[in-house]
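Here is a short briefing on one protein model. Please look over the sequence and the 3D view before reading the notes.

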Amino acid sequence: MAALRKVMMAGVLMLPLCAHAAEDPAVAAFNQRLISLQADPGTADVAAYERLQAQQAVAALAKAKRKEVDDARYIAGRRVEIAEASARAAVARRELDRLERTRSELLIEASRREAVQARQEAERLRMQAQIQAEEAERMRQAAEAETLARQDAETALTSVAGKQTARLGAAQQTAARLAREEAELVAGSKLPASRFDARGEVFTFTGDAYTAGKSALSAAARGQAKALAEYLNIGKKGRVRIEAYDSANGVGQQRAQALRDALVAGGVAASRLQVSGKKAAASKARSAEVIIAP
């Protein structure tokens, strides 16, 4: 009954969107994909925020003017893909948690079996001291077999968990790539170069981001900051640290503040942003990094 109510609720939510499906076949296709996510018991209760964004994008497509249809269709498609990718990632995380619990239960059960066997063997050895040598050898062989069996079980579980982790990472990377594409489309500018390291996802504004000795962003850097603000607003919800550099004392802090102001102007909540200015060698001066915590 709960599954039936979810399907009925999905239908009610989709009615306003389906009314416009005749205007653009893509609207109906996108709606059907979202309905499938809602109707699937495995994904009905995950990625709610991403599905809501996708519904809003599809609604905007249905109402878009002729000259806006192509862009609206692209954004709606990306939103639906992000919702699907986020749902798959959530399902993968759930499955990984389940496997970890199963592994823990198997290890606990193995420990309990070993304890019971040890008590039984102690009593048997007490009563049959005359065959102690033979029984000790048999116990050694049984212990070795038990250890090998436990190692095999742990290896199998580790292999499955590793595959699930890889799938989760791939789904997260796909969602990040789609979010970057959408941010660049909406902003009309390219994001700065990025990489992943132990700190998280790091975007680098290169040496031409600032005028020598000044704190104001260049025109190119302002465009990159606008695209980065869109990226942060689309899906990245963690805290953000801004580090800017210059060979002169104090200028790095001013540059970090200028980049923070540009991101806030792009809609990023100021409370998420931390700034830090640092003195650096000439090879690194006039640059900045934006670090998104994992």
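The model is predicted. The protein holds seven helices and five strands, and along the sequence they follow the pattern α-α-α-α-α-β-β-α-β-α-β-β.

**Whole protein**

- The protein has 294 residues, and 36% of them are buried.

- Helix H6 (219-234) has 16 residues. From its first C-alpha to its last it reaches 23 Å, close to the 22 Å expected at 1.5 Å a residue.
- Buried residues of H6 include Ala221, Gly223, Ala225 and Ala227. Leu228, Ala229, Tyr231, Leu232 and Ile234 are also buried in H6.
- Helix H7 covers residues 251-265, which makes 15 residues. At 1.5 Å a residue H7 should span 21 Å, and its end C-alpha atoms are 21 Å apart, so the two values agree.
- The buried residues in H7 are Val251, Gly252, Arg255, Ala256, Leu259, Arg260 and Leu263.
- An α-helix has 3.6 residues a turn, so residues three or four places apart point the same way.
- Gly267 follows H7 and has a positive phi, near 105°.

**Around Ala47**

- Ala47 sits in the loop between helix H2 (25-39) and helix H3 (48-63).
- Ala47 is not a glycine, yet its phi is positive, at about 50°.
- Is Ala47 buried or exposed? Ala47 counts as buried because its relative accessibility is 13%, and buried means under 20%.
- Ser86 belongs to helix H4. Its relative accessible area is 14%, so Ser86 is buried.
- Leaving out residues up to four places away in sequence, Ser86 touches Ala47 and Glu50.
- Leu37 lies in helix H2, and at 10% relative accessibility Leu37 counts as buried.
- Leu37 and Ala47 are ten residues apart in sequence, and their C-alpha atoms are 9.5 Å apart in space.
- Apart from neighbours within four places in sequence, Leu37 is in contact with Thr43, Ala44, Arg51, Ala83, Glu84 and Ala87.

**The second largest pocket**

- The second largest pocket holds about 220 Å³ of space.
- Which helices each supply at least two residues of its lining? They are helix H4 (69-127) and helix H5 (132-187).
- H5 gives the most to the lining of this pocket, with six residues.
- The lining includes Glu114, Gln117, Ala118 and Glu121. Arg138, Met139, Ala142, Ala143, Glu146 and Thr147 also line the pocket.
- Sorted by class, the lining has four nonpolar, two polar and four charged residues.

Conventions
Residues are numbered from 1 along each chain as its sequence is written. This is a predicted model: local features need pLDDT of at least 70, side-chain atom pairs count only at pLDDT 80 or more; totals for chains, interfaces and linings use all residues. Side-chain values use heavy atoms; hydrogens and water are left out. On a 1 Å grid over the protein atoms alone, a cavity is a set of points where a 1.4 Å probe fits but cannot get out, and a pocket is an open set with protein on both sides within 12 Å along at least five of seven lines; lining residues have an atom within 4 Å of a point. Grid points are joined across faces, edges and corners, and a volume is the space filled by probe spheres set on the points. Helices (H or I, at least four residues) and strands (E, at least two) are DSSP runs, numbered from the N terminus. Ala, Val, Leu, Ile, Met, Phe, Trp, Tyr, Cys and Pro count as nonpolar, Asp, Glu, Lys and Arg as charged, and the others, Gly among them, as polar. The expected span of a helix is 1.5 Å times one less than its number of residues. Buried means under 20% relative accessible area, exposed over 50%, partly exposed in between (1.4 Å probe, protein chains only). Contact means heavy atoms within 4.5 Å.
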